[in-house]
Amino acid sequence: TAGVRYKRVYFEFRTLNQLLTGPALPFGGERDFIRYDFQAASFDFGYAFLQGRNSELILRTGLGYASTGISVIPVPGGTLDFNDISNGTTPSAWAPIYHENPYWEACIEWWRGRPKDQASLGESIRFGIRQGIDDTAWQIVGADALNAPMDRFAQIFMEVNFHLSGNVKLK
């Protein structure tokens, strides 16, 4: 995350990348794992409509882009020669799929910190909604998808953030 603040106005660019794995049952075999991959990037604009000495209530809105991927990873059984680690692997039961969707977001953020210090550490909590702009089809990696389901990114969220900030005096 990188951002700029001028008086009550905030501009922020954020990225997120998450990778989760777990057992693939019932999708794959007994020894397979499923991998979920989520990536997002957004640009936010915010305005601090309530300010206290060391806290602010900020209304934010923005646009972003999200990508979700799902794949089954086969785990080979038996003994493998490390010099030929691909020996014995089998292709997964289905090809990796992914979904991409542009979205808008709106949230309210309560921010605490010491904004007048030269360098400060602050924390904030955000509550909001992210909603896909339009329905888009799921896609298959390396193939054309026929009769793919349409989907729209939707999320209600709560975030806890820590901010390290430095102040620059404007002349």
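Reader: Quick one to start: is Arg14 buried or exposed?

Author: Arg14 is buried, with a relative accessible area of 10%. Buried means under 20% relative accessible area, exposed over 50% and partly exposed in between, using a 1.4 Å probe and protein chains only. Bear in mind that this is a predicted model, where local features need pLDDT of at least 70, side-chain atom pairs count only at pLDDT 80 or more, and totals for chains, interfaces and linings use all residues. Residues are numbered from 1 along each chain as its sequence is written, and side-chain values use heavy atoms, with hydrogens and water left out.

Reader: OK, and which strand is Arg14 in?

Author: Arg14 sits in β2. Strands here are DSSP runs of E with at least two residues, helices are runs of H or I with at least four, and both are numbered from the N terminus.

Reader: What does the Arg14 side chain make polar contacts with?

Author: One partner is the side chain of Asp44, at 3.2 Å, and another is the side chain of Glu159, at 2.9 Å. A polar contact is a pair of N or O atoms within 3.5 Å; within protein, one must be able to donate a hydrogen and the other to accept it, and residues adjacent in sequence count only if both atoms are side-chain atoms.

Reader: Which residues is Arg14 in contact with, leaving aside neighbours within four places in sequence?

Author: Among them are Thr1, Ala40, Ser42, Glu105, Arg126 and Arg130. Contact means heavy atoms within 4.5 Å.

Reader: Switching topic: how many helices and strands does the chain have?

Author: Zero helices and 10 strands.

Reader: And how do β3 and β4 run, and how many bridges join them?

Author: They run antiparallel, joined by 18 bridges; two strands pair if DSSP finds at least two bridges between them. A hairpin of three residues links β3 to β4, and Phe38 stands opposite Thr68 in β4.

Reader: How much space lies in the largest pocket?

Author: About 1,400 Å³. Closest to its centre, out of 46 lining residues, are Gly3, Val4, Arg5, Tyr10 and Ser165. On a 1 Å grid over the protein atoms alone, a pocket is an open set of points where a 1.4 Å probe fits, with protein on both sides within 12 Å along at least five of seven lines, and lining residues have an atom within 4 Å of a point.

Reader: Which element gives the most to that lining?

Author: β10, with eight residues.

Technical notes
Points joined across faces, edges and corners; volume = space filled by probe spheres on them.
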